Amino acid sequence: MKPTVLVLNGPNLNLLGKRQPHIYGSETLADVEADLRALAKDLGVEVRFHQSNREYELIDWIHDARETAAAILINPGAFTHTSVAILDALNAFEGPVLEIHISNVHKREAFRHHSYVSQRAEGVIAGFGTQGYSLALRRAAHLVTNA
Ligand code: CA2
């Protein structure tokens, strides 16, 4: 069976490609999902892809991943900067965690410079636009398949 990579997207990322293209680009989240599904075939992994505006839903998916996923890619949206609860959930997951930000958070407001999730993440990608998701999937596949 192919290893599963869980891809989680936090609040407001459902608006991707529909607002603020100067910050987040013009690809929609559905485009990102399609790109990852195509790439996953080449990399020999399965992708499970979710977005939620609710913190508890993201936490429940992380808990499920303890039994059902080999790695987690997460763009926690604004929860990056606020959520000890998401950090705690990720700490209960044993596989690799990779953190993604579409924008370069370090070039933006000071409140975006701190991430709770970075305390847990093996790697962080920021400022590569939506391409960051594909780069992170390549890294996750490498980590879970040793390819
Ligand atoms: O750069 C990123 O990916 C962020 O995680 C995006 C979050 C922001 O709070 C983080 O600081 C950095 C915001 C997601 C909002 O996404 C939108 C996309 C299009 C239009 C409006 C919002």
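Just after α5, N146 takes up a positive phi of about 55°. The model is a predicted one, in which local features need pLDDT of at least 70 and side-chain atom pairs count only at pLDDT 80 or more, while totals for chains, interfaces and linings use all residues. Residues are numbered from 1 along each chain as its sequence is written, and side-chain values use heavy atoms, with hydrogens and water left out.

**Exercise 1.** Determine which strands pair with β1, and find a bridge partner in each.

*Solution.* Begin with β1 itself, residues 4–9; strands here are DSSP runs of E with at least two residues, and helices are runs of H or I with at least four, numbered from the N terminus. Two strands pair if DSSP finds at least two bridges between them. Next, six bridges join β1 to β2 (residues 46–51), and these two run parallel; T4 has E46 as its bridge partner in β2. Finally, five bridges join β1 to β3 (residues 71–75), again running parallel, and there the partner of V5 is A71.

**Exercise 2.** Decide whether the faces of β1 are buried or exposed.

*Solution.* Recall that in a regular strand the side chains alternate between the two faces of the sheet. Buried means under 20% relative accessible area, exposed over 50%, and partly exposed in between, with a 1.4 Å probe and protein chains only. On one side T4, L6 and L8 are buried, and on the other V5, V7 and N9 are buried as well, which leaves both faces covered.

**Exercise 3.** List the buried residues of α5.

*Solution.* In α5, residues 131–145, the buried residues are G132, Y133, A136, L137, A140 and A141.

Key:
Expected span 1.5 Å × (residues − 1).
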